[in-house]
Amino acid sequence: MVKFLGRRLAASAFMIAIAATIVFFSVHLLPGDPVLILLGEQGAADAEVVARLRAQLNLDAPLYQQYLDWLGGLFSGDLGKSLQTGLPVAEEVLRRIPRSLELIVAGLAFAILLGIPMGVVAARRRAAPAGLAVSAVAVAGFSAPVFVTGILLVIVFSLWLGILPSSGYVAFGADPLGHLAAGLMPALTIGINFMGVVTRMTRASLTEVLRRDFVRAARARGLSHRAAIRRHALPNALVPVVAILGVRAGNLLGGTVIIESLFDWPGLSSLLVSACFARDYPMIQGALLAIFVLFAFISLVADLIQSFIDPRMRTGR
Amino acid sequence: MTQEALLEVRGLATHFFTGQGIVRAVDGIDLTVCRGETLALVGESGSGKSVASLSLLRLVEEPGRIVAGAVRFAGDDLLRLSEREMEAVRGAKIAMIFQEPMTALDPVQRVGDQIAEGLRVHEGLARRAARARAVELMARVGIPDPVRRARAYPHEMSGGMRQRVMIAAALSCDPDLIIADEPTTALDVTVQAQILSLLDDLKRESGAGVLLITHDLGVVAEVADRVSVIYGGQIVEDGPVEQIFRRPAHPYTQGLIACVPDVELPRQRGRALQSIAGSVPSPFDRPDGCRFRDRCPSAFARCTEEPVLVPIANGHSARCWLNVR
């Protein structure tokens, strides 16, 4: 297990190093000049001003020099300063990470707590009304685009019932309850979409596992159908579900753009979007890198959970 | 041999209600297993032998259903028990060993815990005590270093060891009857003999009855006391093992015995391997009368009538018109 963890950590570090490189070069390939954007039309007319600012921002150095500076900065936790605000990128990114992460974690928790039992019901009673109803809810959940789900939630909870704010962000420290109220709908939007995925995956995987001999063997040992599912079929069925969830949750980091802008939630995705519009290179790099690191972390966690369930994963077989 | 009957199956029928029609997989079979005796249920694949064994434990899955018959065991008709009562029989009074020890063991659970599971369910043992018993059972079935192996996962063991694990799990609650469904088919020949003699020893020690499901007459000759031959969902011949091998009365049984290659003598040049012509008829399209008549070398006019099981000698009977003169 320790060996497995070590190998897995090394792989993550390697992946992040490659990601840092790709991030740097792809950002610099973006069309558009940050200096011109920063100065606006009038300032950009003066060539001398442009050159001065370029030197000040270290954008006149050769690309390889900038790359080395960026890598060097990484090791000391320095991601540069925002071209827009002049504030350290690392600080801004670190402030945003927990905001995005809490939406994803809350959404995942909701999806798992509801999706797995729903998947079990759907697998056990495939042809019965209960199973069909569950499957219908699941399909609706994951096939509705997130902005539709989000808008529907706003209509119900903010416009009709008036119990939740339609958008905005409240710091936890300032008003814990207000923070939770503001975060509930964006988290739920993610959760409903995920719940559909979890339900469908659990249903498909469990249906397949229920046909296997060891479930029948467990029944032959005197276990009830329910106990055979709980002790044998479900753990086996969840291995692929966790794998898919890890990938999907990782993808969400960059994919919450719609949700974060719909609910005006200042997370990583919205930071990335605004930085792109401003050609704020250091900020784009910082946000992208943070997304990569979190992605690596989430897939590490998913792998660990999988190998915890399935001993065959640990030996790499 | 006037022993106490442990299991008496009468007229058991299990049909599958599929979209294409009704499959009469098991079509009215009688079986009797006595205490301390091994009954071999012999048949080709598709003959209904595995469905029959699952029917005894009422583990047939949809679209299969037991439609008729009685399974008398320890004074009860198992077919009339509630599901809850049936769960108390499975694993405790009747245990089952499956064909494929790889797929019949849960890949993500330690083998010791799987062996202990029956004890926890039926005898309410705590985890610790059940694990200790699992280690004892593993030692009893000849698994070396059982303390360490109890913590292994199925994929870390060889096929023979996995089958020993299955046997240990089956023995855990001291069952009166063990159903072994092709227990050696998936194993290497050398390991087969070990597993068979292990099963035989354990049967002798415990006095349990064994219902051995197999297609392998070599296995039958080695361990069975009595034999029931199943074809097309019906018993076509049954009797003591010596009788069946010395004087098989049904052409199907004769064919099966002729098919066993003779290893003792080098095969004479030019003598081909024997086989039975044709294959098991599709259960949707069985011939009327005798179900074997399309493949039977001795078929005659009367075979279009449905034959009945007629006694030939003491304890030996066959379902064939050739024996009715």
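Modeller: Two strands pair if DSSP finds at least two bridges between them. Strands (E, at least two residues) and helices (H or I, at least four) are DSSP runs, numbered from the N terminus. This is a predicted model: local features need pLDDT of at least 70, side-chain atom pairs count only at pLDDT 80 or more, and totals for chains, interfaces and linings use all residues. Residues are numbered from 1 along each chain as its sequence is written, while chains are lettered from A and ligands numbered from 1 in the order in which they are written.

E11(B) runs antiparallel to E12 (residues 316–318) of chain B, and three bridges join the two. One pair to find is B:Ala313, which stands opposite B:His316 in E12(B). Touching means contact: two residues are in contact if their C-beta atoms, placed from the backbone, lie within 7 Å.

Now move to E9 (residues 226–231) of chain B. Six of its six residues are buried, so E9(B) is largely enclosed by the rest of the structure. A residue is buried if 20 or more other C-beta atoms lie within 10 Å of its own, exposed if 12 or fewer, and partly exposed in between; these C-beta atoms are also placed from the backbone. In a regular strand the side chains alternate between the two faces of the sheet. On one side of E9(B) are B:Arg226, B:Ser228 and B:Ile230, and on the other B:Val227, B:Val229 and B:Tyr231. They are all buried, and both faces are covered.

Next, look at the neighbours of E9(B). E3 (residues 38–42) of chain B runs parallel to E9(B), joined by four bridges. B:Leu39 has B:Arg226 as its bridge partner in E9(B). E10 (residues 234–240) of chain B runs antiparallel to E9(B), and six bridges join them. There, B:Ser228 stands opposite B:Asp238. E9(B) and E10(B) form a hairpin, with two residues between them. In the turn, B:Gly232 has a positive phi of about 55°.

Chain A has 14 helices and zero strands. Its C-alpha trace spans about 85 × 55 × 35 Å along the principal axes. Of the 317 residues in chain A, 37% are buried. The two chains meet, with 23 residues from chain B and 18 residues from chain A in the contact. On the chain B side, H2 (83–89) and H3 (111–122) each supply at least two residues. H3(B) gives the largest share of that side, four residues.
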